[in-house]
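Please consult the sequence and the structure shown here.

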Amino acid sequence: MSIPADGHRAGPAADVGRWFSTAAAPAPARSLPRTPAWGPMDGAEYGRISGPDELEAALDLLREGPVAVLTGAGMSTASGLPDYRGRHAVPRSPMTFQEFTGSDLSRRRYWARSTVGWTQFGRARPNRGHLLLARLGAGPLPQSAVITQNVDGLHGRAGSDPVIDLHGRLDRVRCLSCGARSSRSALHSRMLAMNPELAARIEELASDAAQAPDGDAEVDRTSSFRYPPCPLCGGILKPDVVFFGEAARPETVQAAFAALAAARSLLVLGSSLTVQSGLRFVRAAHRAGQGVVILNDGPTRGDPLATVRLHGRIEDVLGTWAERLGPDVAPSGPAVGPTPDHHPRRSTEETRA
Ligand SMILES: [Zn+2]
């Protein structure tokens with residue numbers, strides 16, 4: 001399968017921006033109406049639940065052969081990571097690639113907030129949905145790949161294999177000059193050492209961010225935040241994720257299309273398919289005559305192309321399929337992660353400069 005003309009343009013990586021949004025983004029020109037990158041979609045119908053017949057119809061379709069799975073932010077809300085188009089999502093402006101690479105001040109602001117956010121983000125654990133998907137894939141519902149728009153790495157930790165991280169991974173860092181990859185945890189420790197004042201308040205800041213109703217944390221004087229250059233070449237370090245205004249890596253996109261081509265059907269979980277980055281796979285599957293099952297709370301841009309459109313919680317639907325396919329599939333014991341009914345939090349990294 002060839003990559004469509006738009007294949008190299010990832011479009012905005014909405015799942016990414018929530019962890020490094022910038023409240024101080026340049027104001028848009030007054031004459032231009034701003035389309036929020038986040039927030040519930042207009043006229044959205046949230047909270048519907050599909051009946052057993054619909055779940056069965058979808059399962060019949062998925063059992064015909066290997067499934068390519070595409071996941072979005074809705075997959076990780078039960079792990080405590082905020083959604084961006086769910087019913088509680090709050091509009092925000094992410095830092096763009098151009099801003100990040102364009103000024104030292106933007107990078108200070110980004111890394112200061114991101115250091116607070118990482119404290120919470122780094123603690124997120126796979127939820128029941130991740131675990132069920134991995135067990136189904138290893139057992140009765142073979143998957144060509146899990147293609148994810150999320151940058152949290154939770155599919156891999158739950159045991160899914162292979163996972164294609166369409167928008168990269170937040171736990172890795174890449175040098176913009178020499179391309180060397182390194183660990184975010186190591187950089188995090190280094191930044192704490194370089195910024196003892198922030199380090200002394202990090203838990204307090206992270207907890208404020210997690211508990212405040214609006215999820216905002218205050219990080220003062222981000223302009224004095226210090227961050228290190230690449231230890232190998234002195235270049236600029238950037239999280240190994242696709243920012244708004246940046247394209248996904250062609251080889252990653254190619255791998256995702258190959259996984260789709262190797263599948264009989266496409267299963268979309270927890271993505272509103274708002275950005276072309278995800279929607280193009282639905283379009284390609286539809287063009288190729290593959291079955292398309294979309295499960296999301298609220299409308300998606302792929303709805304007109306779905307063979308079966310499902311509504312409900314991801315872990316509930318996967319749990320139903322797992323029970324249907326065999327007792328060995330459903331994870332026993334309590335679900336991992338926060339209780340499913342928690343109110344999705346806003347980004348703990350959404351802070352004011
Ligand atoms: Zn370098």
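Cys175 counts as buried because 20 C-beta neighbours lie inside 10 Å; buried denotes 20 or more other C-beta atoms within 10 Å, exposed 12 or fewer, and partly exposed the range in between, with C-beta atoms placed from the backbone. The model is predicted: local features need pLDDT of at least 70, side-chain atom pairs count only at pLDDT 80 or more, and totals for chains, interfaces and linings use all residues. Residues are numbered from 1 along each chain as its sequence is written.

An unreviewed UniProt entry places a "binding site" at Cys175, Cys178, Cys230 and Cys233. These residues are spread over 59 residues of sequence, yet they cluster in space, with a largest C-alpha distance of 8.6 Å. Such annotations may be inferred rather than shown by experiment.

| Residue | Location | C-beta atoms within 10 Å |
|---|---|---|
| Cys175 | strand β4 (168-175) | 20, buried |

Strands are DSSP runs of E with at least two residues, and helices are runs of H or I with at least four, numbered from the N terminus. Leaving aside neighbours up to four places away in sequence, Cys175 touches Cys230 and Leu237, among others; contact requires C-beta atoms, placed from the backbone, within 7 Å. Leu237 is also the bridge partner of Cys175 in β7.

β4 and β7 pair in the antiparallel sense over 4 bridges, where pairing requires at least two DSSP bridges. The open sheet of 3 strands has the order β5-β4-β7. β5 (181-183) and β7 each have a single partner strand, so one side of each is left without a neighbour in the sheet.

Technical notes
Two residues are in contact if their C-beta atoms, placed from the backbone, lie within 7 Å.
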